[in-house]
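Please look at the structure as I show it.

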There are 2 protein chains.
Amino acid sequence: MTDLKSTINPLFLREEDLRQGIELLFYAYRDFTGEPDRILQTYGFGRAHHRAIYFVGRNPGITVTELLGILRITKQSLSRVLGALVEQGFIAQDADAGDRRRRLLTLTARGEALEADLTRTQIKRFARAYREAGAEAVEGFRRVLMGIVNPDDRARVGNPIAQSRKRDADQQSRKRDADQQSRKRDGN
Amino acid sequence: MTDLKSTINPLFLREEDLRQGIELLFYAYRDFTGEPDRILQTYGFGRAHHRAIYFVGRNPGITVTELLGILRITKQSLSRVLGALVEQGFIAQDADAGDRRRRLLTLTARGEALEADLTRTQIKRFARAYREAGAEAVEGFRRVLMGIVNPDDRARVGNPIAQSRKRDADQQSRKRDADQQSRKRDGN
DNA sequence: GATTTAAGGTCAGTCATGTTGACTTATTAT
DNA sequence: ATAATAAGTCAACATGACTGACCTTAAATC
């Protein structure tokens, strides 16, 4: 594919190629979530639980507000999911010593075990894909997909929030639409 | 990022890098679907409608069974969505002359207009990302993401079904679990 | 110190989109 | 003639989004 067309001709921006990108993202996401979904079913959990577990595991001590910022859902939506995970002992909440309004979220041993179980399947899938494609392709993959992510969120991709916490705080103070953030409807 | 680590050391398969991939896919998919979702809301439609419109537009004359194979949902799920789209004149159904059991699906002029409207936002996002990343990166993006897709479905990524129809037929006859395909639970 | 703001939680109701299961109707294939 | 296929339908249910209205506690500001 490093042929004339894509090398010397910026016409690689043909609609066909762009649609291929759209479809790649659709199929990849569909298959990427398939295996974890099956595991979650055995626990009576869904993909929403997976996301919560994943990002709490990735950001130990994350606050509820920060988690909402990553997931882009309402706190009412998160509360059901988080409530179930706390109740069943996968996630622990502890008041922040500095600001006792905040509840710091961490995975329990049980939560870590489930997180590892779920993430293992996705890690494997990526490991195979990275290995088969090679280091250079992986770098291209990163560059393109990072370009798909909204600029504001690029900093936190792949980075635990510790590094981006200051930036988040800035954004939040810049404007935060009251209590009920305006969220778009979803379903998938 | 073309540093020593990722160039001469296959250790680029570190868990950190793999998790970055996972997160990239999560954030990219989340942002990639955001704009269309907002447009769809004004029609009272959701992401499921978008997917149906997209793939019918991409595969004019596709049958219901073929569409189900792409979307990986049950026909009962599709029927609601498809029913609404047909009823409101976005999609037309016509009996196949050769096999009159089949209903060939095509977009109406109205459907094409909506499809274009929805896809435009995603095309733009990809065009920018491709342009900024460069042709080589795009090739890497393709290779990696194709590796994430289940092998069985790689052939149809980016290809209208015309080309892959024979293969689909083979797979279907190989085994097709009765009427109610075994589908995993979802939500997202 | 009183008031406002922020972080978190909760109750109630709705919607979109997935799922099973059980049938029906045409049409084609055996 | 019978069986299989393509499509559709009715019913019930689960999940995970959403809005709106409120409450509590703790911190920040006036």
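A:R19 has a relative accessibility of 10%, and because buried means under 20%, this residue counts as buried. Please keep in mind that the model is predicted.

What does the side chain of A:R19 meet in a salt bridge? The partner is B:E115, with 3.0 Å from N to O. A:R19 lies in helix α2 of chain A, residues 15-32, whereas B:E115 lies in helix α7 of chain B, residues 109-133, and so the pair joins two chains. B:E115 is also buried, at 7% relative accessibility.

Let us turn to another pair. The side chains of A:R30 and B:D153 form a salt bridge, at 2.3 Å from N to O. This pair, too, crosses between chains: A:R30 belongs to helix α2 of chain A, while B:D153 sits in the loop between α8 and α9 of chain B. Are these two residues buried or exposed? A:R30 is buried at 11% relative accessibility, and B:D153 is buried at 1%.

A:R30 and B:D153 also take part in a network of salt bridges, in which they are linked with A:D31, B:R72 and B:R156.

Within chain A, A:D153 forms a salt bridge with A:R156, and their closest N and O atoms are 3.1 Å apart. A:D153 is buried, with a relative accessible area of 2%, and A:R156 is buried as well, with 7%.

Finally, how many salt bridges does a search of the whole structure find? Over all chains, the search finds 36.

Definitions and conventions
Residues numbered from 1 in each chain as written. Chains lettered and ligands numbered in written order. Predicted model: local features only at pLDDT ≥ 70, side-chain atom pairs only at ≥ 80, totals over all residues. Heavy atoms only, no water. Salt bridge = Lys/Arg side-chain N within 4 Å of Asp/Glu carboxyl O. Helix = DSSP H or I, 4+ residues; strand = E, 2+ residues; numbered from the N terminus. Buried < 20%, exposed > 50% of the residue type's maximum accessible area, 1.4 Å probe, protein only.
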